[in-house]
Amino acid sequence: LRTRKLQVFEKPADAVGHSLQHSSAAIIDVLRATSTIITALKNGCRGVIPAAEIEEALAIRQRINDHVPVLSGERQGRKIPGFELGNSPLEFSRDVVYNRLVIMTTTNGTRTLLAAGAAEKKYVLSLLNLKATAAAMLRDEQDISILCAGTDGGNSLEDSVCAGLLIAELLDSSEQFDANDQVLALRKLGLSHKNNLVNMFTAGAHGRYLQEIGFAADLDYCAGLNKIPLCALFENDVILLSKFDPV
Ligand code: MLT
């Protein structure tokens, strides 16, 4: 059995100078970009195109003319003026997104997805689809890189906990991983919050902020561990559900 490398970057700056090449990457922004993307895909959208900037999102919309895409995203957690949707997963219902392309720009999440460039496969990970994604990554037989969006350049508790719960799934499998102390510490962190995820969210700065600006319901929703048994891959500028049947 080959021992696989397992590396974690708790904030985007940590990944600078490290190669993601030849690895499967999991990109995490639990509150809320990756939770929202998974929800949109579950509800039948045709795909999600991440954009770093508002202007870029608008330019992508101009280029797509076969359908009316959903323009979505946030700045400071709030819907961007003129956009159809913000970044609350609860807005991305089936009647809104079904059979439409979603263009999304968020402060940290979509930028981190775009920064994962060289990885062999790029999985969009949230607590909602944790187990399904772990199963797919185990099947890939690649080295694994976990990339947290964090908040405004720093770590975020919820992304580190999600990374830790992914690590727990990986290390509990029959695969061999080369796990350093950071990896082991995150596993412990993840497991310690597993049964109290909403409280963990509000212990962190961004969760508390979202609660303050009226998105408490999003916290309950994003804490739904393994509620969506689907994997999503970011490939060729668009995020699509993975064809593999998870589990
Ligand atoms: C982000 O990408 O920065 C987050 O998803 C922000 C948010 O909670 O909307």
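In this predicted model, helix H7, which spans residues 157-171, packs against helix H8, residues 181-193, at an angle of about 105°, and the two axes lie 7 Å apart. Angles of 65 to 115 degrees count as roughly perpendicular, so H7 is roughly perpendicular to H8. On the H7 side, the contact is made by Leu157, Ser160, Val161, Gly164, Leu165, Ile167, Ala168 and Leu171. Their partners in H8 are Val183, Leu184, Leu186, Arg187, Leu189, Gly190, Leu191 and His193. Sorted by class, the contact of H7 with H8 has 11 nonpolar residues, four polar ones and one charged one.

Charged side chains come next. Side chains of opposite charge can pair when their charged atoms come close. The count of salt bridges comes to nine. One of these joins the side chains of Arg4 and Glu175, with 2.8 Å from N to O. Arg4 belongs to strand E1 (residues 3-9), while Glu175 lies in the loop between H7 and strand E9 (176-178), so this pair ties together parts that are 171 residues apart in sequence.

What about the aromatic rings? A pair of aromatic rings is described by the distance of the centres and the angle of the planes. The structure holds zero aromatic pairs. Rings do, however, meet charged groups here: the charged end of Arg32 sits over the ring of Phe215, 4.4 Å from the ring centre. Likewise, the charged end of Lys122 sits over the ring of Phe234, with 5.0 Å to the centre of that ring.

Arg32 is also worth a look for its backbone. The peptide bond that leads from Leu31 to Arg32 is cis, with omega near 0°. Arg32 itself is found in the loop between strand E2 (23-28) and helix H2 (33-42). Another backbone detail concerns Asn99, which has a positive phi of about 65° although it is not a glycine. Asn99 is placed in a loop too, between helix H4 (94-97) and strand E6 (101-105).

Terms used: Residues numbered from 1 in each chain as written. Predicted model: local features only at pLDDT ≥ 70, side-chain atom pairs only at ≥ 80, totals over all residues. Heavy atoms only, no water. Axes fitted to C-alpha atoms, helices over the stretch in contact; angles between N-to-C directions. Helix = DSSP H or I, 4+ residues; strand = E, 2+ residues; numbered from the N terminus. Parallel < 35°, antiparallel > 145°, perpendicular 65-115°, else oblique. Contact = heavy atoms within 4.5 Å. Nonpolar A, V, L, I, M, F, W, Y, C, P; charged D, E, K, R; others polar. Phe/Tyr/Trp six-rings, centres within 6.5 Å; stacked < 30°, edge-to-face > 60°. Lys NZ or Arg CZ within 6 Å of the ring centre and 35° of its normal. Salt bridge = Lys/Arg side-chain N within 4 Å of Asp/Glu carboxyl O.
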